[in-house]
Amino acid sequence: MRRTRIKICGITREQDLRAAVEQGADALGFVFYPKSPRYVTPERAAELCALLPPFVSGVALFVNPTLDEVRAVASSMPLGLIQFHGDETIEECAAIAAAVQRPFVRAYRIKPDTPPAALLECESAYRAASPWFSGLLLDTWVDAYGGAGKVFDWSLIPKELAPRVVLSGGLSVHNVLEATARVRPFAVDISSGVEEAKGIKDARKIAAFVAAVRAADATIDSESHHDHESSHP
């Protein structure tokens, strides 16, 4: 049985955390970028993370952080994963992750003319640079940090890379079934697509999003079963 992992990002309230956990989210994202409307302080994140049950991961999103900023978060909350979402270099990501001893994902903001080979090269470079590198998170390039709810061209994702990536960028209740079925990523990541206002999640949208991902998984399983049967006359 296929199970695409799900991350709900931009958690700021207890009720939103509980709704995401109840619906089966695998990871919850906390934004430590002060210019974001979803920003939380390390102290606030620690309060929220006190409600995280076992096996649900807390992800800390940073944009061009200092080591001290990441250390402050890592020492105050049960941090499972760092998400670098700015202009950090490979060396900076590797050094910070090693210093706080946490795995990390790297956001790659995709432009319309991004060559698919560049994604494979990026993944290889990060994997060679750090044992703490966990994978790429693919987002849409806009002239700001964060995808601004916009979708990129999924056909740019190399087929061999897709099973290892986190797919982000403009996902919603309405397009995630198609996105998951077409790309077949390891995980999907959503923020604004399950909100009623910036930083305020909608429990019904979270439930509908999770249901759509599970429907895509069932479709993929069905296709795989059909392909397997047709190859054995």
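These legends walk through a predicted model in a few views, from the whole chain down to single residues. Local features need pLDDT of at least 70 and side-chain atom pairs count only at pLDDT 80 or more, while totals for chains, interfaces and linings use all residues. Residues are numbered from 1 along each chain as its sequence is written, and side-chain values use heavy atoms, with hydrogens and water left out.

View 1. Helices (H or I, at least four residues) and strands (E, at least two) are DSSP runs, numbered from the N terminus. Along its principal axes, the C-alpha trace spans about 60 × 40 × 35 Å. Buried residues make up 51% of the 233; buried means under 20% relative accessible area, exposed over 50%, and partly exposed in between (1.4 Å probe, protein chains only).

**View 2. A look into the largest nonpolar core, a group of 59 residues.** A nonpolar core here is a set of buried Ala, Val, Leu, Ile, Met, Phe, Trp, Tyr and Cys residues joined through side-chain atoms within 4.5 Å. Among the residues that touch the most other members are Ile 8, Leu 28, Phe 30 and Phe 209. Helix α7 (residues 203-230) gives the core its largest share, 5 residues. A second, separate core of 5 residues includes Val 31, Tyr 33, Leu 61 and Val 63.

**View 3. Zooming in on Leu 28 and what it touches.** Contact means heavy atoms within 4.5 Å. Setting aside residues up to four places away in sequence, Leu 28 touches several residues, including Ile 8, Leu 17, Leu 52 and Val 59.

**View 4. Helix α4 (residues 90-100) and its buried residues.** Those residues are Cys 93, Ala 94, Ile 96, Ala 97 and Val 100. They pack against α3 (67-74), β4 (79-84), β5 (104-110) and α5 (116-129). Just after α4 comes Gln 101, with a positive phi of about 55°.

**View 5. Pro 185, in the loop between α6 (176-183) and β8 (187-190).** This proline is buried, with a relative accessible area of 1%. Beyond its neighbours within four places in sequence, Pro 185 is in contact with residues including Arg 2, Thr 4, Leu 167 and Thr 180.
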